Amino acid sequence: MNPWLEIPLEDYEGHMAWPSVGQAQFLAESLASSVRALSPKSVAVLGCAGGNGFDMLPPQQVQRVVGVDINPNYISVAEQRHQGSFTKLELHCADFLVDGFVFEPVDFVFAGLLFEYVDLTKCLSKIKQVLAPGGHLCAILQLPNSEISAVTPTPFESLSKLSGHIGLVSPEVFELQATLIGFRIQSSKQSTLGSGKSFHEFILHNQRA
């Protein structure tokens, strides 16, 4: 069974907001700042969980929000929290990489800490299918740290199920694959949180054919 189906949302959100992790606010702010900079009218968040960061999206600008997550409980909570917040809220309980799953293209895709759990090339190719020509992808990768576990220990023990499934992707490999698939790197930066963990954020432009 996919480990993401075995982790309660309250455990995931508690873990991500735990002081020694601090990633929930980081991801929400990265989503919001990218949207402010790029001004998309439609946004898709892959691995949306309960809708972290949706409340920071300006509804007068973002008219359509698409959320995708494999866990039906996560999607149900996201709907309860954010239904009516946007002109169109479109939530999908699905494995993003399953054959045949697509949605109408959006102007902007946010993939925060997604590539650690999926096939890199297949996922980038699938994102290109649901991203409008000229649109943008924000991808956030976790960087390795020899002194910190990839999955930080917290009181939320269910998160330990991820330890055998996470695979960190180097920025160099990511950039190469993204370029081969037809993305152009628009910006690239690293951030280090108070926990000591570091992350690499890419903004990629989906070049027109």
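Let's start with helix 1: the cover over its buried residues includes helix 2 and helix 3 (72-82). This is a predicted model, so local features need pLDDT of at least 70 and side-chain atom pairs count only at pLDDT 80 or more, while totals for chains, interfaces and linings use all residues. Residues are numbered from 1 along each chain as its sequence is written, and side-chain values use heavy atoms, with hydrogens and water left out.

**Helix 1**

- Which residues of helix 1 are buried? They are Leu9, Asp11, Tyr12, Gly14, His15 and Met16, where buried means under 20% relative accessible area, exposed means over 50%, and partly exposed is in between (1.4 Å probe, protein chains only).
- Helices (H or I, at least four residues) and strands (E, at least two) are DSSP runs, numbered from the N terminus.

**The largest pocket**

- Rolling a probe the size of a water molecule over the atoms shows where empty space is left.
- The largest pocket holds about 890 Å³ of space. A pocket here is an open set of points on a 1 Å grid over the protein atoms alone, where a 1.4 Å probe fits, with protein on both sides within 12 Å along at least five of seven lines. Its volume is the space filled by probe spheres set on the points, which are joined across faces, edges and corners.
- The lining is made of 42 residues, each with an atom within 4 Å of a point. Trp4, Gly47, Leu113, Leu114 and Tyr117 lie nearest the centre.
- Helix 1 gives the largest share of the lining, five residues.
- Sorted by class, the lining has 29 nonpolar, eight polar and five charged residues. Ala, Val, Leu, Ile, Met, Phe, Trp, Tyr, Cys and Pro count as nonpolar, Asp, Glu, Lys and Arg as charged, and the others, Gly among them, as polar.

- Strand 7 (residues 198-206) is mostly covered, with nine of its nine residues buried.
- In a regular strand the side chains alternate between the two faces of the sheet. On one side of strand 7 sit Ser198, His200, Phe202, Leu204 and Asn206, on the other Phe199, Glu201, Ile203 and His205, and all are buried.
- Strand 5 (residues 131-142) runs antiparallel to strand 7, joined by seven bridges; two strands pair if DSSP finds at least two bridges between them.
- Strand 6 (residues 183-192) is also antiparallel to strand 7, with nine bridges. One of the pairings puts threonine 192 with serine 198.
- Five residues separate strand 6 from strand 7 in a hairpin, and glycine 196 in the turn has a positive phi of about 100 degrees.

**The nonpolar core**

- The largest nonpolar core has 34 residues, and Tyr12, Leu31, Phe110 and Ile140 touch the most other members. Such a core is a set of buried Ala, Val, Leu, Ile, Met, Phe, Trp, Tyr and Cys residues joined through side-chain atoms within 4.5 Å.
- Helix 2 gives the largest share of this core, five residues.
- Isoleucine 140 stands opposite glutamate 201 in strand 7. Its contacts (heavy atoms within 4.5 Å) include Phe26, Leu27, Phe110 and Phe199.

**Two positive phi values**

- Serine 39 has a positive phi of about 55 degrees although it is not a glycine. Serine 39 sits in the loop between helix 2 and strand 1 and counts as partly exposed at 44% relative accessibility.
- Leucine 113 has a positive phi near 60 degrees, and its place is the loop between strand 4 and helix 4 (120-130). Is leucine 113 buried or exposed? Leucine 113 is buried, with a relative accessible area of 15%.

Conventions. Lists of a residue's contacts leave out its neighbours within four places in sequence.
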